[in-house]
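Then read on for a short tour of its side-chain pairs, its metal site and its surface.

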Amino acid sequence: MSNCVFCRIMAKEIPATVVHEDEHTLAFMDIGQVNPGHVLVAVKKHVENIFALEDAQAAAVFRSVARVARAIRGAFEPQGLSVYQANGAAAGQTVLHLHVHLVPRYEGDGMALTWPVKNPPREKLAEYAEKIKARLQ
Ligand code: AMP
Ligand code: ZN
């Protein structure tokens, strides 16, 4: 897609600082750098979100995520590392081309994700699980 910033990176129309590449994925430095060493792993082909991802791409993305995560840990020795991936505006996705964030983490670094647990009764978990299982392919 010509108006997609990550497609333009894949086509080398705009620059990116690449750390890893394979058949299905390209890993490059996030321009915003929440912490030094913040990398994005993106699919090469334009796929908007996780719902449109083929199995081979999904496997390749997570293989690259794990490989690059190990390299970030070796290079920056962070206290932790967050893997973050957003689908849709409500989830915080701003670039509509599938990508995974790898963010080196430190105590008190200011990156926050609130986690408003509801702790429903166990019957609710079963009800939710049945709804999902009915649609698994
Ligand atoms: P998200 O909110 O998950 O869609 O994140 C999009 C990310 O893409 C942001 O963290 C941006 O800093 C990053 N980004 C946007 N444009 C570029 C670019 N040209 N090169 C590298 N990273 C980019
Ligand atoms: Zn794209």
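Predicted model: local features only at pLDDT ≥ 70, side-chain atom pairs only at ≥ 80, totals over all residues.

## Salt bridges

E21 and K44 pair up in a salt bridge, with their closest N and O atoms 2.8 Å apart. This pair ties together distant parts of the chain: E21 sits in strand 1, while K44 belongs to the loop between strand 3 and helix 2, 23 residues apart.

How many salt bridges does the structure hold? The count is 6. Another one joins R8 and E13, where the closest N and O atoms are 3.2 Å apart. R8 is partly exposed, with a relative accessible area of 32%. D109 and R105 also meet through their side chains, at 2.8 Å from N to O, and D109 is partly exposed at 22%.

## The zinc site

Now find the zinc ion (ligand 2). Which protein atoms hold on to it as donors? They are SG of C4, SG of C7, ND1 of H46 and ND1 of H97, lying 2.0 to 2.3 Å from the zinc ion. The angles among the 4 donor atoms run from 103 to 117°, and the site is tetrahedral.

Along the sequence, the donor residues follow the spacing C-x2-C-x38-H-x50-H. The two histidines link distant parts of the chain, 51 residues apart: H46 is in the loop between strand 3 (39-43) and helix 2 (55-76), and H97 is in the loop between strand 4 (80-84) and strand 5 (99-105).

H46 is partly exposed, with 24%.

What about disulfides: how many does the structure hold? The number is 0. In case the term is new to you, a disulfide is a covalent bond between the sulfur atoms of two cysteines.

## The overall layout

Let's zoom out. The protein chain has 3 helices and 5 strands. Starting from the N terminus, they come in the order α-β-β-β-α-β-β-α. The C-alpha atoms fill a box of roughly 50 × 35 × 25 Å along the principal axes. Of the 137 residues in the chain, 33% are buried.

K12 is exposed, with a relative accessible area of 69%.

Q33 is another non-glycine residue with a positive phi, near 50°. You'll find Q33 in the loop between strand 2 (25-29) and strand 3, and it counts as partly exposed at 28%.

V117 lies in the loop between strand 5 and helix 3 (122-133). V117 counts as exposed because its relative accessibility is 53%, and the label calls for over 50%.

Key:
Residues numbered from 1 in each chain as written. Chains lettered and ligands numbered in written order. Heavy atoms only, no water. Donors = N, O, S within 2.8 Å, 3.2 Å for Na, K, Ca; no water. Tetrahedral: all angles 85-135°; square planar, octahedral: opposite > 155°, others 65-115°. Helix = DSSP H or I, 4+ residues; strand = E, 2+ residues; numbered from the N terminus. Buried < 20%, exposed > 50% of the residue type's maximum accessible area, 1.4 Å probe, protein only. Disulfide = S-S within 2.5 Å. Salt bridge = Lys/Arg side-chain N within 4 Å of Asp/Glu carboxyl O.
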